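Subject: Structure for you to look at

Hello,

Please find the structure below. My notes on what was found follow it.

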Amino acid sequence: MVSAEDGNGRRPAKGKANLVRSLLGVGYWVQGFRCFPWMAVNFFLKDSVKVDPSTLQILQNSANLPMVAKPLYGVVSDAVYISGQHRVPYIAIGAFLQAVSWLAITILSHSNISMLTMSLYLLLSNLGASIAEVANDAIVAETGKTQTSSKKSQSASSGELQSFVWMASSVGGVLGNLLGGIAIDRFYPQSMFLFFGLLLAFQFFITVSVPERSLNLPKSPSNVGIKKQLSELLVALRKPEIAYSITWFAASYAIIPALTGTMFFYQTQYLKIDASLLGISKVFGQAVMLLWGVIYNRRFKSVRPRKLIEAIQLTMAVFMISDVLFVKGIYQQMGVPDSVYVVVFSGVLEVLFFFKILPFSVLIAQLCPPGCEGSLIAFVMSAVALAFIVSGYLGVALASYVGVTENDFSGFPLGLLIQAVCTFLPLFWSSCIPDDVKSKTRTE
């Protein structure tokens, strides 16, 4: 419950902090819950539209194209105020666009919806998600800077808020995958699309009821202009510690050819893994990601970013080698059922890709110059989104190269081995990530 206002009509600091956490918690939880309708999308495309693995993966990655424009949304959010506010209105706009897209998909998918039409509405959904995420990320960066002024305490405060929103997103992911795995066997995909659309409508009405002034965000000139904001972003990107870090981080994803669509077909088409079991696998992965947020906040936020990110990258490669053994049937020969491997190892590997984002977000928040938090954080997320798209397209090319189809997976182990080797490569130039971080505090 939010604290009462003081005699001057101002909300006490503790009440404002709680309100910020509530707003961010709902926003990140809903974004984590997006896996719920997307699970239905995958099965709808596979079973109703009858797409092949490569087409499914191309659609999955192409739908993320709006994420690449995040720097533009960040610049607009930093520079363009709506009724004197420049964060909360964009969260509301993002929720509205997503609600419209999923409700439209619900209606149109009852008839013979074309791939083009569905792709356009999925693009609209991800456009809304991108806008909301940019505004939420900017609030996290700004709040982390205003809470404290000392270098050590600022790092801890920023890491604590990052961990909180990370855990909120993970809880949404856990619930989304759990309910998705159950619902996919009991309801039509259209019912899942409708439920999520109504949830987003609810988030929209909740968000518009929150006045931004009650969040105690740092004040900045509302007439700074988009051109000036772009100029400040370019100045930030010219800083070597920022430019090298973002380049390495994006490349560490882009260089890995993703085989997610192929693995989905291998598990459901070849191994005949039940949809509910895939849901449990994703729940297990999200639970591990939630645990990672807790562990990071308590144990690892003081660890040097480069060391932690290197360890995560190495762990990803090891898990990919484990996938090679899984596809070749080695674990089954050792008495480990395919279902157990899918739930535990596949679930963990899927979320391992995102483990690096938490320490890297804290690092960038500390390096970020005052005044362009939304723009810079958005640029980072844009670079990551573009890297995932490149990774997905490389995965389609790799699957074609090793001869994998919806009915022939004989070349799949070789593809996974190549994927693991590519995951090792970024470790050779990880020195691009700074070890000694000097926080940039906002001066009056």
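Leu-179 sits in helix H8, which covers residues 151-183. Helices here (H or I, at least four residues) are DSSP runs numbered from the N terminus. With a relative accessibility of 34%, Leu-179 is classed as partly exposed. The classes are buried (under 20% relative accessible area), exposed (over 50%) and partly exposed (in between), with a 1.4 Å probe and protein chains only.

Leu-179 also belongs to a nonpolar surface patch with Leu-175, Leu-178 and Ile-182, and the four together have about 290 Å² of accessible area. Patch members have over 30% relative accessible area and no salt bridge; like charges are joined within 9 Å, and nonpolar side chains (Val, Leu, Ile, Met, Phe, Trp, Tyr) within 5 Å. Accessible areas come from the Shrake-Rupley method with a 1.4 Å probe, and for residues only the protein chains shown count as cover.

This is a predicted model, in which local features need pLDDT of at least 70 and side-chain atom pairs count only at pLDDT 80 or more, while totals for chains, interfaces and linings use all residues. Residues are numbered from 1 along each chain as its sequence is written, and side-chain values use heavy atoms, leaving out hydrogens and water.

Next, the salt bridges. A salt bridge is a side-chain nitrogen of Lys or Arg within 4 Å of a carboxyl oxygen of Asp or Glu. The count by this rule is 3.

- Lys-46 pairs with Asp-47, with 3.0 Å between the closest N and O atoms. Lys-46 is buried at 14% relative accessible area, whereas Asp-47 is partly exposed at 36%.
- Lys-70 pairs with Glu-133, and here the closest N and O atoms are 2.6 Å apart. Because Lys-70 is in helix H5 and Glu-133 in helix H7 (residues 115-147), this pair ties together parts 63 residues apart in sequence. Lys-70 is buried, at 3%, and Glu-133 is buried too, at 17%.
- Glu-350 pairs with Lys-282 at 2.8 Å, N to O. This pair links distant parts of the chain, 68 residues apart: Glu-350 is in helix H16 (residues 338-355) and Lys-282 in helix H13. Glu-350 is partly exposed at 39%, and Lys-282 is partly exposed at 26%.

Which residues of helix H12 are buried? They are Gly-261, Thr-262, Met-263, Phe-264, Phe-265, Tyr-266, Gln-267 and Thr-268. That is 8 of the 11 residues of H12 (residues 260-270), so the helix is largely enclosed by the rest of the structure.

Lys-272 is exposed, with 62% relative accessible area. Ser-83 has a positive phi near 55° and is likewise not a glycine. Ser-83 is in the loop between helix H5 (70-79) and helix H6 (88-108), and is exposed at 71%.

Two C-alpha distances are also listed. Ile-105, in helix H6, is buried at 0% relative accessibility. Its C-alpha is 8.4 Å from that of Leu-122, 17 residues away in sequence. Lys-239 is in the loop between helix H10 (226-237) and helix H11 (240-254).

Regards

Technical notes. Helix = DSSP H or I, 4+ residues; strand = E, 2+ residues; numbered from the N terminus.
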